[in-house]
Amino acid sequence: MGSATVLVVDDEKKIRDLVRSYLENEGFAVLVADSGQRALETFGRVQPDLVILDLMLPDISGEEVARAVRELSSVPIIMLTAKSSEDDRVAGLRLGADDYLIKPFSPRELVARVQAVLRRSTGSSDAVGVLRFSDGLLVIDRDAREVTVDGAEVELTRSEFDLLHALATHPGRVFSRYELVTKVQGYDFDGYERTIDVHVKNLRKKLGDDPHRPAYIATVTGVGYKFAVKADA
């Protein structure tokens with residue numbers, strides 16, 4: 001994991017240098033960009049393993065950069081921004097961010113979050129490699145980190161895949177939001193459990209699951225969520 005490449009996008013040189021220093025001390029290769037346009041140019045040349053993205057950039061917004069990156073790749077994105085409201089965080093997650101850190105921040109915490117996201121992206125400790133549901137309509141391949149619905153591949157973010165796999169590995173088991181946050185984020189995400197609601201909403205949409213009568217991810221009122229379908233024999 002230490003040899004992974006991280007793209008740091010921020011228009012403040014002091015922050016770029018600080019983040020770069022801490023990441024390089026942990027063995028990461030670091031690319032930097034001071035604008036949205038340069039970030040996309042760099043991303044097009046060298047696809048990094050993770051992107052740390054400031055939302056307030058001088059040319060195009062970080063949200064636009066995230067949207068463009070998501071059209072090309074499911075690479076993990078950690079948003080780094082001064083925008084601190086819950087609505088801002090939720091909006092970032094809806095764009096496909098895997099994590100969100102508010103300025104001012106601890107560089108040690110940022111490194112820990114980078115490591116946690118990359119750990120999740122390399123696989124899972126669960127034993128089952130391929131899960132099939134509804135007579136093969138839904139297939140979840142842990143090792144390839146691929147999901148198909150009726151034979152068509154569904155593009156999921158890292159966090160969405162990890163959440164789906166965690167639920168699908170234990171059909172019928174009810175997970176609290178806190179448990180799912182810990183599974184998906186890799187640590188206690190400061191009680192920010194609404195993250196899970198956003199990911200579930202995105203997953204239902206991508207899987208074609210009716211949010212009012214979901215076939216796969218069921219809401220357990222006052223508790224959390226469960227995977228409502230048993231795996232194929």
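Good morning. I begin with helix α6, in which R158, S159, E160, F161, D162, L163, L164, H165, A166, L167 and A168 are buried. Buried stands for under 20% relative accessible area, exposed for over 50%, and partly exposed for what lies in between, with a 1.4 Å probe and protein chains only. Helices (H or I, at least four residues) and strands (E, at least two) are DSSP runs, numbered from the N terminus.

The model is a predicted one, in which local features need pLDDT of at least 70, side-chain atom pairs count only at pLDDT 80 or more, and totals for chains, interfaces and linings use all residues. Residues are numbered from 1 along each chain as its sequence is written, and side-chain values use heavy atoms, with hydrogens and water left out.

Let me give the overall picture. The protein chain contains eight helices and twelve strands. Of its 233 residues, 50% are buried. Among contacts (heavy atoms within 4.5 Å) that link residues at least 6 apart in sequence, 59% join residues at least 24 apart.

I turn to the interior. A nonpolar core is a set of buried Ala, Val, Leu, Ile, Met, Phe, Trp, Tyr and Cys residues joined through side-chain atoms within 4.5 Å. The largest one here has 26 residues, and F133, L138, I140, V147, L164, I217 and F227 have the most contacts inside it. At least two residues of this core come from each of β6 (130-133), β7 (138-141), β8 (146-149), α6 (158-168), α7 (177-185), α8 (194-207) and β12 (224-227). Which element supplies the largest share? It is α6, with five residues. One member of the core, L164, touches I140, V147, L156, L203, L207, I217 and F227, leaving aside residues up to four places away in sequence.

A second, separate core has 19 residues, including V8, F105, V111 and V114. V114 is also touched by L50, as are T5, V6, L7, V75, P76, I78, V117 and L118, again not counting residues up to four places away in sequence. L50 lies in strand β3, residues 50-54, and is buried, with a relative accessible area of 0%. Between L50 and V75 there are 5.8 Å in space, C-alpha to C-alpha, although the two residues are 25 apart in sequence.

Next, the sheet. Two strands pair if DSSP finds at least two bridges between them. In the order β6-β7-β8-β9, four strands form an open sheet with antiparallel pairing. The edge positions belong to β6 and β9 (152-154); each has a single partner strand, so one side of each is left without a neighbour in the sheet. On average, neighbouring strands are turned by 20° against each other, direction ignored.

We may follow the sheet strand by strand. β6 has L131 and F133 on its covered face and V130 and R132 on its uncovered one. It is joined to β7 by four bridges, and R132 stands opposite V139. Four residues lie between these strands in their hairpin, where S134 takes a positive phi near 55°.

Four bridges also join β7 to β8. In this pairing I140 is opposite V147, and L138 has V149 as its bridge partner. The hairpin of β7 and β8 has four residues between the strands, and R145 in the turn has a positive phi of about 55°.

Finally, we return to α6 and its packing. Axes are lines fitted to C-alpha atoms, for helices over the stretch in contact, and angles run from 0 to 180 degrees between N-to-C directions. The axes of α6 and α8 come within 10 Å and cross at roughly 85°. The two helices are therefore roughly perpendicular, the word for 65 to 115 degrees; under 35 is roughly parallel, over 145 roughly antiparallel, and the rest oblique. On the α6 side, S159, E160, L163 and L164 make the contact; on the α8 side, I196, H199, V200, N202, L203, K206 and L207 do. Thank you.
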